[in-house]
Every structure is written in C-alpha cells, then in structure tokens.
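The sequence and structure are shown first.

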Amino acid sequence: MPDTSVRIDETTRDRFKALADAAGLSVKDYLERVADEKEREQLLDTATGAFRRAIGAPGVLSRFDADFGGLPPVKHETERVA
C-alpha cells in the first residue's frame, strides 16, 4: 500500500516520535499499532453495550440463575462489622 503524508504540528510529531522510540518502533509502525488498539477498543465498547442491554432485559438474569444455579457464594476472608 502506498504511503501518504499527514500534516501535524511539530509538538505532536515530537510526541509521537518519543512514544515510538520508547516502544522500539518507527513512527509509522507505532501509529499502525495505535490504530489497531483504538479499533479494538471500539469493538469492545460495542460488545460491552450489547452485553449490558442483553442482561438488562427483563427476566434474563433470573433465567440464567434458574438454568445455571446462579453465581457461586463468595467466601469472605474477614469478619463483617455491622
């Protein structure tokens, strides 16, 4: 794929260069990694929203508990103080 140019101010360019250097990458490879990470974040945000909507539907959690016995009890290591 052919390269292209993007105009950014010198301060931003220097910040990207420092971050890329710290990661042992070229600026091009660093920005590709950042783009990949941001795409994954968006997908996770979408999936999280869908999951929250699904478990928020009436009856879903009670049906899960009925089918799978609910969550296991949590054993507390410390005494509870009232």
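## Confidence of the model

The pLDDT expresses the predictor's confidence in each residue on a scale from 0 to 100. The model discussed here is predicted. Its chain has a mean pLDDT of 90, and 96% of the residues reach 70 or more.

Confidence in the chain is highest in helix 1 (residues 10-23), where the mean is 98. It is lowest in helix 3 (residues 60-68), with a mean of 87.

A pair of aromatic rings is described by the distance of the centres and the angle of the planes. The count of aromatic pairs comes to one. The ring centres of Phe 64 and Phe 68 lie 5.0 Å apart, and the planes meet at 40°, so the pair is tilted. An angle under 30 degrees would count as stacked and one over 60 as edge-to-face.

Both residues belong to helix 3. Because Phe 64 and Phe 68 are four residues apart there, about one helical turn separates them.

## The segment after helix 3

Pro 72 is located in the segment that follows helix 3. Its relative accessible area is 62%, so Pro 72 is exposed.

How far apart in space are Pro 72 and Val 34? The C-alpha to C-alpha distance is 39 Å, for a separation of 38 residues in sequence.

Technical notes. Residues are numbered from 1 along each chain as its sequence is written. This is a predicted model: local features need pLDDT of at least 70, side-chain atom pairs count only at pLDDT 80 or more; totals for chains, interfaces and linings use all residues. Side-chain values use heavy atoms; hydrogens and water are left out. Helices (H or I, at least four residues) and strands (E, at least two) are DSSP runs, numbered from the N terminus. Buried means under 20% relative accessible area, exposed over 50%, partly exposed in between (1.4 Å probe, protein chains only). Rings of Phe, Tyr and Trp (its six-membered ring) pair if their centres lie within 6.5 Å; planes under 30 degrees apart count as stacked, over 60 as edge-to-face and the rest as tilted.
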